[in-house]
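Hi,

Here is the structure I said I would pass on.

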Amino acid sequence: MDKLTDIAIGTFATRDYYKEHFADCNLSDNHKKSKSCSALTEFFMYITYHNFIAEGLAASYPCFCICQIVVHYIVRGNATTGNKYQKRIDFFNTDVASNMIDDVTEIMNNLCKKSGNDERKNI
């Protein structure tokens, strides 16, 4: 539970970071969400509410991993010079971000080990 709390704190910190550094993303709640964003949000809410929590976390898991993979690839390839997303790259290229993603991975692995066959199939 402590790791999930840390992940939630990190998620809100990320949103705050985006608000501060990426005003062009318009992360306020004062705009109409795109249909795809609304559909994804509804999917997460449905899965988490009607199914096991593990399924909700599993649904969001790729978001964490893809971000980590892409940022590490960019940094290793020295493709950051002049990159308009440099602040975002720097933010996600930290031990804090990597630790959060590693925590999510550990939680998912543990949930899969503890799940029954039906739940594991859904995850």
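Which residues in α3 meet which residues in α5? From α3 there are A54, L57, A58, Y61, F64, Q68 and H72, and they meet S98, M100, I101, D102, V104, T105, I107, M108 and L111 in α5; contact here means heavy atoms within 4.5 Å. By class, that contact has eleven nonpolar, four polar and one charged residues. For the classes, Ala, Val, Leu, Ile, Met, Phe, Trp, Tyr, Cys and Pro count as nonpolar, Asp, Glu, Lys and Arg as charged, and the others, Gly among them, as polar.

Before going on, a word on what you have: this is a predicted model, where local features need pLDDT of at least 70 and side-chain atom pairs count only at pLDDT 80 or more, while totals for chains, interfaces and linings use all residues. Residues are numbered from 1 along each chain as its sequence is written, and side-chain values use heavy atoms, with hydrogens and water left out.

The overall picture is six helices and zero strands. Helices (H or I, at least four residues) and strands (E, at least two) are DSSP runs, numbered from the N terminus.

Back to that helix pair. The axes of α3 (residues 53-76) and α5 (residues 95-114) come within 10 Å and cross at roughly 145 degrees. Axes are lines fitted to C-alpha atoms, for helices over the stretch in contact, and angles run from 0 to 180 degrees between N-to-C directions.

V71 is also in helix α3. V71 counts as buried because its relative accessibility is 7%; buried means under 20% relative accessible area, exposed over 50%, and partly exposed in between (1.4 Å probe, protein chains only). Leaving aside neighbours within four places in sequence, V71 is in contact with I89, F92 and N93.

Next, S115, which you'll find in the loop between α5 and α6 (117-122). S115 is buried too, at 8% relative accessibility. A polar atom of its side chain lies 2.5 Å from the backbone oxygen of L111. Beyond its neighbours within four places in sequence, S115 touches R120 and I123.

As for cysteines, C67 is partly exposed at 22% relative accessibility, and so is C112 at 24%. The whole structure has zero disulfides (pairs of cysteine sulfur atoms within 2.5 Å).

Cheers

Definitions and conventions
Polar contact = N/O pair within 3.5 Å; in protein donor to acceptor, adjacent residues only side chain to side chain.
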